[in-house]
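Hi,

Here is the structure I promised to pass on.

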Amino acid sequence: MTPERQRAYWRRNLAYIGVLLSIWASVSYGAAIVFADALDAVRVLGFPLGFWFATQGSILVFVVLVFVYVKLMNDLDRKFGVYER
Amino acid sequence: MGAVAWTWLVVVASFALYFAVALWSKARTAADYYVADRAISPVLNGMATGTDWMSAASFMSMAGLMAVMGRDGSAYLMGWTGGYVLLAVLLAPYLRKYGKFTVPQFVGDRYYSNAARVVALLCAIAISFTYVAGQLRGVGIVLARFLGAGVTQGVLAGAVVVLLYAVLGGMKGITYVQVAQYVVVIAGYLVPAIFVSMMLTGSPVPPLGMGGTLTPEGAAFLGARPGEELLRVVDRLTIELGFPAFTSGWRPRLDVLAITATLMVGTAGLPHIIIRFFTVPKIRDARSSAAWALLFIAALYTTAPAVAVFARASSIATLQGKPAAQAPAWLGAWRETGLVGFTDKDGDGRMRLSADPARNEVSLDPDVLVLANPEIARLPPWVVALVAAGALGAALSTAAGLLLVIAAAISHDLLKSVLYPRMSDRGELWAARLSALCATAAATAVALHPPGRVAEVVAHAFGLAASSFFPVILAGIFWKRATKAGAIAGMSAGILFTGGYILWFRVLYPELGPDRWLLGISPEGIGIVGALLAFAVIGVVSLLTEAPPKEVQDLVASLRYPREAQPTGSGSGRRVFR
């Protein structure tokens, strides 16, 4: 990789990290803690929504986030020709 | 066959399985011992990481805490899973690219300093030791309650079992044993939860069952109407005792935020979890094994709140106002361990629960609820046995992973890297085994005279990890300009501040209440403040000192690209910066 390609690869990685961690923070700190009382006014499938995010939703979102990162980075590695065989 | 006979049978069978696996996968070289020769597939590594992770605190204490704390208890659920997102995107792939054996080794190389390495290895030992004592304590409680041995004999038995396979097998043995333990742990957790969920709400999926409506059988058990929503029933039961509604949160928001953040950041900074990502062949495997680990962990963590709801509702419903003479059998059995108590304060011969400590007559230690849940719900004895085996598997697997970190810190980072660089591979392997032996002996001694409850002891290890390793590793990967002096100062400031705060409010002056805490943040949540302090110190001191040498900056740059500069190999032949 040329130095420019290296920088592009790294910048793209940082952008992925930024987006994924924003979702991570807004689900756990936001929906499950700061806004939980407001969301609790809504009940979905027997759960107050804030309580659901705190006990189930945030964990499910975390699982999705890490698998999405795996997929994004594998694609990025292929695009930049650094995919490990 | 009774519960005790079943428990002996299942526990002995599970131990036999662990030994067989350990013998089959014995370590032969130092690379085997520390990183399983980097030949573990990402799915298996994810499973082993999950078991390594799910400790006595996850298995025994977490749902119990949640049962007592209501929605605020989800700080533990989110904290102990959200940390894996940080690991997967911020640490695991880069540390795997670096490709050595231990965390102090990374700190020593990245910060070109044996002093930084020694500070890091002391932090690793302090954190792992705090954590391992909690595990052996958990083993002691389970054996004492279910097998009738005393807590002392229980702790000793647990220590011997861990020694046999951790000392012998090293990382390779531990990894395969942990895969076997995952099955036992998850079965021990899910099977009783599924039984209870089926009985109460008719749903075979506990996370859905907790939001379900009561079956006629469940309604009779809880003294509610059929068709009523379980969460409304548990809210009503807790309010009747004078507590806030179960599904609401009542701790200060800032404290819940701080505890959640501390546990997340601490999870990502725990050395026994980080080293698991050194065992896979490729960098992309490090990312995917973090993802698999989280998936395997989520199976237990999404069930835990359901267990909490079931335990909270059924313990209130089966005790409140019932005559003490007709107390359920589990109450008497647990009273012998000292973790459950009953005092008939008003002398009416009935058990009364209340939010008011002066009127409450039944005390239930949160550590007991998960273990007692199958008995509370009157499940068959083989389910009780499965829970005991699962709790033991959870505690032993985590203890083994932690002992390995302590052993590696002593044999690899202290003896091989600092004191005797010319030690042979064989010599190092034996040094590692001897270190594991000494660490187990010391941890056993502490576990026999424990400083507190399992979860309490363990929760503090997260504050220490959050404020020391996480900042120094993150800065080491993402900021080339971070210097030796910055790292040493930052790590020391973080761990001293956090450790000092915990000591001050938990050990020296436990009578000081929340009004004296910094911004109302409890000692469990102070680690995140310590981490921010460590980041600030690393930043300021690094900018005031000379930039790191070129070769170190090149090392940092090389971590960012998966294939580039150096091929990833066994790690033993690579350059060491001093």
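Let me start with overall shape, keeping in mind that this is a predicted model. Chain B has 578 residues, for which a compact globule would have a radius of gyration near 25 Å; the value for chain B is 24 Å, so the two agree. Its C-alpha trace spans about 75 × 50 × 40 Å along the principal axes.

Chain B holds 23 helices and 2 strands. Of its 578 residues, 62% count as buried. If you take the contacts in chain B between residues at least 6 apart in sequence, 80% of them join residues at least 24 apart.

Now to where the chains meet. Chain A brings 36 residues to the contact and chain B brings 41. On the chain A side, α1 (3–34), β2 (47–48) and α3 (49–79) each supply at least two residues. The largest share of that side comes from α3(A), with 16 residues. Sorted by class, the side of chain A that touches chain B has 27 nonpolar, 7 polar and 2 charged residues.

A few words on confidence, in case you plan to work from these coordinates. The predictor gives the complex an ipTM of 0.95 and a pTM of 0.89. The mean pLDDT of chain B is 83, and 95% of the residues score at least 70.

Best wishes

Terms used
Residues are numbered from 1 along each chain as its sequence is written. Chains are lettered from A and ligands numbered from 1 in the order in which they are written. This is a predicted model: local features need pLDDT of at least 70, side-chain atom pairs count only at pLDDT 80 or more; totals for chains, interfaces and linings use all residues. Helices (H or I, at least four residues) and strands (E, at least two) are DSSP runs, numbered from the N terminus. The radius of gyration is taken over C-alpha atoms; the globule rule is 2.2 Å times the number of residues to the power 0.38. A residue is buried if 20 or more other C-beta atoms lie within 10 Å of its own, exposed if 12 or fewer, and partly exposed in between; C-beta atoms are placed from the backbone. Two residues are in contact if their C-beta atoms, placed from the backbone, lie within 7 Å. Ala, Val, Leu, Ile, Met, Phe, Trp, Tyr, Cys and Pro count as nonpolar, Asp, Glu, Lys and Arg as charged, and the others, Gly among them, as polar. pLDDT is the predictor's confidence in each residue, from 0 to 100.
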